[in-house]
Amino acid sequence: MTDFTHPFFIATQEVFRLMLDLDIQVTPPEQLSELKNRAVNVSIGIVGDLEGKIDYYFPESMTLEIVRILSGMEMNELDDFVASAISEVVNIISGNAMTGLFSDQVQCDIQPPSIEVADTCSNRNKSDKLLTLETSIGQLLVDIQLVKKVA
Amino acid sequence: MMWKDKYTLGVDLIDKQHMELFERVESFLLVLRSKEPWELKVEKVKETLEFMKEYVVKHFHDEECYQRKVGYPDCNRHCEIHAEFTSEVQEFVKLFEEQGYEEPLVQKFAGKLVAWLINHVAATDQKIADYIHRLEVEA
């Protein structure tokens with residue numbers, strides 16, 4: 001059975017390395033302390049051979065730092081500029097993951113991302129396909145909620 | 001500073017155009033993100049967007065010509081990526097014309113532009129540099 005999480009890990013790793021000069025490591029889910037309260041949730045729909053959505057959760061401070069690295073400018077709040085930039089980063093990661101899936105003969109497309117700030121991500125739709133990741137600027141969680149399309 | 005030396009491809013014309021794009025985007029952001037009232041910065045924003053619209057088209061054209069000249073094998077896919085982004089920019093331009101240059105929409109455009117440009121130059125365009133390097137090694 002194809003591991004759907006692996007292309008998302010590779011894509012996240014590559015995008016963080018090339019765009020942000022950051023390494024990512026897998027961390028145990030119980031150590032995701034930064035995501036226990038308030039998190040920025042960028043959600044992106046998937047259609048095709050697999051259907052569902054991918055939820056990316058970032059601490060707000062990490063979101064601001066990512067956009068600071070990209071723009072070279074200090075960011076103080078999650079405004080339209082920051083929301084758009086982080087959504088595009090997620091769009092790029094997800095698009096690259098689709099390319100990875102395609103090499104495993106799984107053909108899917110992404111839909112436009114949506115963003116919200118969740119007071120807590122404890123009520124998120126907990127799937128069994130979670131990537132819990134750590135970087136030097138914070139922790140992120142990728143919740144992969146995909147099912148094979150019924151023919 | 002948005003530009004990083006690692007973005008250099010080693011193709012003089014393309015590198016100069018990338019640096020110009022990064023400089024323009026950076027000065028656009030400085031105006032856009034300043035605390036000045038929107039009415040005072042909207043003209044500068046419009047000017048920069050006009051420049052970007054023309055310069056991006058010219059840059060994409062020059063880069064695509066270069067890829068064909070060196071026989072870059074992923075040229076068609078690269079051209080598609082350029083076309084997709086041009087189409088997205090045109091959608092924003094249409095919205096600006098219909099709704100006016102409202103600050104939230106321009107901020108949204110700028111956020112997308114910054115992330116897209118960095119990914120394109122740092123990842124997609126670097127594959128051209130890798131290809132050229134392979135050609136040089138094989139020669």
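A salt bridge here is a side-chain nitrogen of Lys or Arg within 4 Å of a carboxyl oxygen of Asp or Glu. By that rule, a search of the whole structure, over all chains, turns up 18 salt bridges. This is a predicted model, so to speak of local features takes a pLDDT of at least 70, and side-chain atom pairs count only at pLDDT 80 or more, while totals for chains, interfaces and linings use all residues. Residues are numbered from 1 along each chain as its sequence is written, chains are lettered from A and ligands numbered from 1 in the order in which they are written, and side-chain values use heavy atoms, with hydrogens and water left out.

**View 1. Where chain A meets chain B.** Chain A puts 19 residues into the contact and chain B puts in 20 residues, contact meaning heavy atoms within 4.5 Å. About 1,700 Å² is buried between the two chains, with 59% of that coming from carbon and sulfur atoms; buried area is the accessible area (1.4 Å probe) that two parts lose on being put together, summed over both. There are seven residue pairs in polar contact between chain A and chain B, both residues at pLDDT 80 or more. A polar contact is a pair of N or O atoms within 3.5 Å; within protein, one must be able to donate a hydrogen and the other to accept it, and residues adjacent in sequence count only if both atoms are side-chain atoms. On the chain A side, the elements giving two or more residues are α1 (5-20), α2 (60-71) and α3 (80-102). Helices (H or I, at least four residues) and strands (E, at least two) are DSSP runs, numbered from the N terminus. Of these elements, α3(A) gives the most, with eight residues.

**View 2. A salt bridge across the interface.** Four salt bridges link chain A and chain B. In one of them, Lys6(B) pairs with Asp21(A), the closest N and O atoms being 2.7 Å apart.

**View 3. Lys53(A) and Asp55(A).** These two form a salt bridge, with 3.2 Å between the closest N and O atoms. Buried means under 20% relative accessible area, exposed over 50%, and partly exposed in between (1.4 Å probe, protein chains only).

**View 4. Two helical pairs in chain B.** Glu20(B) and Arg24(B) sit four residues apart in helix α1 (residues 12-32) of chain B, about one turn of the helix, and their salt bridge has its closest N and O atoms 3.2 Å apart. Glu20(B) is partly exposed at 25%, as is Arg24(B) at 31%. In helix α2 (residues 38-69) of chain B, Asp62(B) and Lys58(B) are likewise four residues apart, about one helical turn, and their side chains meet at 2.9 Å, N to O. Asp62(B) is buried at 14%, while Lys58(B) is partly exposed at 43%.

**View 5. Around Pro59(A).** Pro59(A) lies in the loop between β3 (50-58) and α2 of chain A and is buried, with a relative accessible area of 4%. Leaving out residues up to four places away in sequence, Pro59(A) touches Glu34(A), Leu35(A), Arg38(A) and Gln139(A).

**View 6. Around Val117(A).** Val117(A) belongs to strand β5 (residues 114-118) of chain A and is partly exposed at 31%. Beyond its neighbours within four places in sequence, its contacts are Arg38(A), Ala39(A), Val40(A) and Leu78(A).
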